[in-house]
Amino acid sequence: MTIIRVALDTPLDFCFDYRWAATAGDAAPPRIGQLALVPFGRREVVGLIVAVDVATEVPADKLKDALAIRSQLAPLSEQWRALCAFAADYYQRPLGEVALPGLPKNLRALKTTALDRALKKLAKTAAAHDATPAAAPLLNPAQQAAADAIAGAQGFAPHLLYGVTGSGKTEVYLQAAAQILTRHDDAQILILVPEINLTPQLEGNIRVRFPAVMVATLHSSLAEGERMTHWLAAHLGRARIVLGTRLAILASLPQLKLIVIDEEHDPSYKQQEGLRYSARDLAVWRAHQLEIPIVLGSATPSLESWQHAQTGRYRKLELRERAVAAAVLPAVHLIDMERNKPLDGLTPMLIAALKLRLQRGEQSLLFLNRRGYAPVIACDACGWISNCSRCTAFMVLHKPEHRLRCHHCSLELRIPRSCPTCGNVDLQPLGRGTQRVEEGLQAIFPEARITRIDADSTRRKGSAQAAFDTVHRGEVDILIGTQMVAKGHDFKNLTLVGILNPDTALFSQDYRASERLFAQLMQVAGRAGRAAQKEGGSASEVLIQTRYPQHPLYAAVVNHDYDHFATELLAERQQAHLPPYLYQALLRAEARELVTAIDFLTQAATAVEFPGVTINDPIPMTMTRVANVDRAQLLIECPSRPALQAFLKVWLAALRAIKTRAKWSLEVDPVDI
Ligand code: ADP
Ligand code: ZN
Ligand code: ZN
């Protein structure tokens, strides 16, 4: 009989001991890294064995028996456990809450039917078939140098692949991967992308280029059965290329030899609930732990990564030109909305440019980061506006759906026929979202084929892909969309990008807003002119409608000048003592009543004193109420990461001792403050 120590998915910050008496059929002793089925309270749950043969402090009569060990599954490696342990330690969470939720649900099921079936299925999958790989394009010298640098790197080698939109970063990843796969018979490569649904193009490319290797995808919209086989394929080393979203950073990859983070600046690498980790930061840690190369690619790197490249911590690889011969970056022009007055949100200059594209059979893209018809409706007579009854937010008018919707708590109402307070029947939509722009465009260009792509138009599974396919097939003249259309897509016949109303982000309280806006504008601008200009066709062009044409951010976009912009922003951040020159943690609290939340945070603020750590005052969050819950926050700042970490350990223990009805959570390196 042995005692095993098991990490469970509970908020309790310790592991649990169990007795294990081998049964006749299961004679092998338990091993660290195996999964075990154990009783916990009145339930039975699967946990991770973190120690074997421990000297337990639990009295013998209290010690329970473990029920089964998943011995058909190879143990999770020491390196994988170390990754989880690091994440748990750094983000101040119990180990079990990091290690277990990332495993496929079926692996944590009481019965092993699904596991056994998946293992059998994998065993039957043919190892490699000898299909001919699709020909790889000849890299240009800058691409070749980048691919060689990555594939040839020894030990831990972080690279920032800084390449303008359309410079062929993907090709660099693939050819570096090809070199590594050829060199090591069993090497595995992890490629992370911000949103898998937007990149079937990439998955398709990978499959035709590497027909002889097994490719697995890991993302949240996989069915449980698929998720299980893909995860197992990675864990068993069968999948040589794993393509996934942020959650794939916690996959078990015993032969990992290269990590690629595409569009590394993208905010979706940050998990915003539960374990609030940064997949990019964990990826760098993982590469360091395994002593392997990692490449972070972007046209607009995060300031964190840019700073590392400036100080030489990351090696900077540059692609300054577009990859397709004769494809050039689009000319960016600002349209001053004070002088060129818009009608239905569209200025005459933009309309003229759209018309020209329609005549020439070219595609245009209109970008407006606001879905719905209008962000609010109001009554002119009495001043009523469509506030959400449960949130500090407006109900958004969705005209095609005949609904008012709150984008924060999902409350839905029918559109009132008349003002709820005074009965006035003439309620006015204020402002405009993608639906309203679509309606206006259709009126101006009744012959044009117009498609809208946003979260509303793509609710059905597969509908986003279907919509993008029609664009790629040339069946769309004008595409209008939110950030969904800005990322990654390689549109070949698009020569005009119009950007509507980006100004609001210029004056946001969030110090990261301008970094984000710049990245977003460069991304969406980068959708234009990805192929060579056709004879008699238009030069590619980006038109930005703004009321602030003098703003330096727009000047940087016009000049495609990320370098300069980033240097200025970094200088500002340094002066203002903001990240990446400062480390932060955020304590959030929520409760039915704001005072309960503030009360808890006030106690938290005085619970521990620590030299070098600044504890700010508790404040209500900008959007205080969501779904009838009030929210407040407390910001912690420190110029040293280790000092902040040391403080958080002590602080967390003190927080756990505070009696409160508020629900609270701690976030390390917060991005939305
Ligand atoms: P990025 O990710 O840098 O924005 P992509 O990887 O999407 O750019 O590449 C842009 C286009 O250039 C794609 O159509 C790609 O097939 C093409 N491309 C990439 N490298 C080359 C090359 N060496 N020669 C010709 N075309 C290339
Ligand atoms: Zn009214
Ligand atoms: Zn609401």
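Me: Before the labels, what are the ground rules on numbering and confidence?
Reply: Residues are numbered from 1 along each chain as its sequence is written, while chains are lettered from A and ligands numbered from 1 in the order in which they are written. Since this is a predicted model, local features need pLDDT of at least 70 and side-chain atom pairs count only at pLDDT 80 or more, with totals for chains, interfaces and linings using all residues; side-chain values use heavy atoms, and hydrogens and water are left out.

Me: Why is the site of the zinc ion (ligand 2) called tetrahedral?
Reply: Start with the donors, meaning N, O and S atoms within 2.8 Å of the metal (3.2 Å for Na, K and Ca), water not being among the atoms, so sites may look incomplete. Here the protein donors are the SG atoms of C379, C382, C419 and C422, lying 2.3 to 2.4 Å from the zinc ion (ligand 2). Four donors count as tetrahedral if all angles lie between 85 and 135 degrees. The angles among the four donor atoms are 103 to 115°, so the site is tetrahedral. For reference, ideal angles are 109.5 degrees for four tetrahedral donors.

Me: What makes C382 and C419 a link between separate parts of the chain?
Reply: In sequence the donor residues are spaced C-x2-C-x36-C-x2-C. C382 sits in the loop between strand 16 (376–379) and strand 17 (396–398), and C419 in the loop between strand 19 (412–414) and strand 20 (427–430), so the pair ties together parts that are 37 residues apart in sequence. Strands (E, at least two residues) and helices (H or I, at least four) are DSSP runs, numbered from the N terminus.

Me: Why is the Y90 and Y91 pair called edge-to-face?
Reply: Rings of Phe, Tyr and Trp (its six-membered ring) pair if their centres lie within 6.5 Å; planes under 30 degrees apart count as stacked, over 60 as edge-to-face and the rest as tilted. By this rule the count comes to 15 aromatic pairs. The rings of Y90 and Y91 have centres 5.0 Å apart and planes at 90°, so the pair is edge-to-face. Y90, at 9% relative accessibility, counts as buried, and Y91 is buried too, at 4%.

Me: And what makes F600 and W664 stacked?
Reply: Their centres are 5.6 Å apart with 20° between the planes, so they pass as a stacked pair. The pair links distant parts of the chain, F600 in helix 16 (residues 594–607) and W664 in strand 29 (residues 663–668), 64 residues apart. F600 is buried at 0%, but W664 at 28% is partly exposed.

Me: Why does E667 with K270 count as a salt bridge?
Reply: A salt bridge is a side-chain nitrogen of Lys or Arg within 4 Å of a carboxyl oxygen of Asp or Glu. E667 and K270 come in at 2.3 Å, N to O, so they qualify. E667 lies in strand 29 and K270 in the loop between strand 11 (256–261) and helix 8 (279–290), so the pair ties together parts that are 397 residues apart in sequence. Both E667 and K270 are buried.

Me: What makes E439 and K399 pass, and are they buried or partly exposed?
Reply: The closest N and O atoms of E439 and K399 are 2.9 Å apart, so that's a salt bridge as well. E439 counts as partly exposed at 38%, and K399 is partly exposed at 37%. A search of the whole structure finds 40 salt bridges.

Notes: Buried < 20%, exposed > 50% of the residue type's maximum accessible area, 1.4 Å probe, protein only. Tetrahedral: all angles 85-135°; square planar, octahedral: opposite > 155°, others 65-115°.
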